[in-house]
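Hello,

Here is the structure I promised to pass on. My notes follow below it.

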Amino acid sequence: MRRSAFAVVALAALAAGAASAAAAEFPDGDARRGAYLARLAGCIGCHTDAAAGGAPLAGGAAIETRFGTFRPPNITQHAEDGIGGWSIADFAQAVRQGLAPDGSPYYPAFPYPSYAAFSDQDIADLYAAFRTVPAAAGGRQGNDLSFPWSVRQGLHLWRALHLDAAPPPQDPARSEAWNRGAWIVEGPGHCGACHTPRGLLGGQDAEDALTGSSDGPGGGPGGGKVPAITAAALAEKGWTADSLATALQTGLGRSGDAFGGGMGEVVRHSTAWLTPADRAAVAAYLLEP
Amino acid sequence: MTRTTLAALALAAVLLPAAAVAHSGATGVVKERMALMKEMGDGMKRLSAMLHGEAPYDAAAVRKEAEAIAAHGGEAMLKGFPPGSLDHPTEALPVIWSEPERFRALAEEVTRHAEALAAAADHPDAGKAMAGHPHTPDMDAAMGNPSMHAMMGGAPSMHQMMGGDASAAPAPTAATPQAAFMQLTHTCGACHDTYRAKTH
């Protein structure tokens, strides 16, 4: 074999070895469990343009914000337009650290700080589930952000200032339901992404958690009001554990009015797909301060 | 707005039901459609109570409520949204009139799902708690690949629920009234997500 060919083969073997070594760090994934986690994490809702009849996970409808327009990209198995070429290590880095395979940072419109709560098993399961998604083209228009948000490098500064990937609270003195609810709400359910206000730079303060915001998707150009879902706010409106758990399945508020403003989509594509126990867990956590 | 007015409004918002505050000052077609929506919401509230075990299940009552809601969908609903009817205090968004096909499809889905609910009122499993989304098997149950497809976004009913291609949509596959009710509430939410301003 010629020396250059040998070098190429040797390098390829090294690379393959490195990739499989990285893959070996993750346990075997269960695709069905991963699909459930994908529903819980809201992947389908954001990354599918259901209203336009888009293929599953082939890119979501535009999200208008005060920073500009975000377009959730294609995350099907398409090799060019999607994530078909990603290793499990790439997937883990993207989901938990908000970094693309080339190391460039994602905008936190992708709620990766909340996804840092995923365990290696969760990541393995999610990866297995995503491997089943049929390849579809498109969904690569990219974002349309105003200056200075358009400068992606600025995100390194933003991460230094605002990145808070604190793990969800877990308290052995509390019920299993409360702890499960805490993991869902503060972790992959990423409720605070909408329900916690954002400062000038889009950062969030732990003290303001779940107190509502005016940056919601449901208000037309001016931004919509997102209600507070702290225990006090929920109690004041008369929510009970039962009515809250039911609302997360039906999207119906206590007056019979159906949630809109973006929460309808959350119910339709995420919380309606959860087990009744998980919805009850979310209610238990939200109602107990 | 003066602080006094703001304070008075804030007080009113706390003391009065949200709908009363939202509707006050409405006239003409805006007022009529707000009243139609309120009626539908009241019916949904009564249905929800029966379907989730908070009130005794009564198949005849479920049928009656569902038929009333079905009558409020489709053309009856569309009539309430003539072009440009954006007078205060409407919460309707201008995008309604730039996406007329989808708006119509969702209005028609209200009727379709409400009629399915009426038809399912006598189901033997009526009133029993639903294990989950009609297209999500219980996590413990062993299911094959089709459910993976549905879980990862490929369920035809999701496409249908979003009015993506209502003309080709299969009939709702809901068997129990709870499942039909959920598809109905999700249709309401689909419209409210896009076409109603979240202002309070």
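I began with a pair in chain B. Glu108(B) and Arg104(B) form a side-chain salt bridge, 3.2 Å from N to O. Keep in mind that this is a predicted model. Both residues sit in helix 6 (residues 100–120) of chain B, four residues apart, about one turn of the helix. Glu108(B) is partly exposed, at 36% relative accessible area. Arg104(B) is partly exposed too, at 35%.

Salt bridges with shared partners also tie Arg33(A), Asp122(A) and Asp125(A) into one network. Asp122(A) and Asp125(A) are among the buried residues of helix 6 of chain A. That helix (residues 120–130) is largely enclosed by the rest of the structure, because nine of its eleven residues are buried.

Over all chains, the count is 15 salt bridges. Two others to look at:

- Asp215(A) and Arg66(A) pair at 2.9 Å, N to O. They link distant parts of the chain, 149 residues apart.
- Asp257(A) pairs with Arg196(B), with the closest N and O atoms 3.0 Å apart. This pair crosses between chains. Asp257(A) is partly exposed, at 32%.

Last, the second largest pocket. Its volume is about 610 Å³. It is lined by 30 residues, and the closest to its centre are Pro113(A), Ser114(A), Asp164(A), Glu186(A) and Gln204(A). The lining comprises 17 nonpolar, nine polar and four charged residues. Helices 5, 7, 8 and 9 of chain A each supply at least two of the lining residues.

Best wishes

Definitions and conventions
Residues numbered from 1 in each chain as written. Chains lettered and ligands numbered in written order. Predicted model: local features only at pLDDT ≥ 70, side-chain atom pairs only at ≥ 80, totals over all residues. Heavy atoms only, no water. 1 Å grid on protein atoms, 1.4 Å probe; cavity = no way out; pocket = protein on both sides within 12 Å on 5 of 7 lines; lining within 4 Å. Points joined across faces, edges and corners; volume = space filled by probe spheres on them. Nonpolar A, V, L, I, M, F, W, Y, C, P; charged D, E, K, R; others polar. Buried < 20%, exposed > 50% of the residue type's maximum accessible area, 1.4 Å probe, protein only. Salt bridge = Lys/Arg side-chain N within 4 Å of Asp/Glu carboxyl O.
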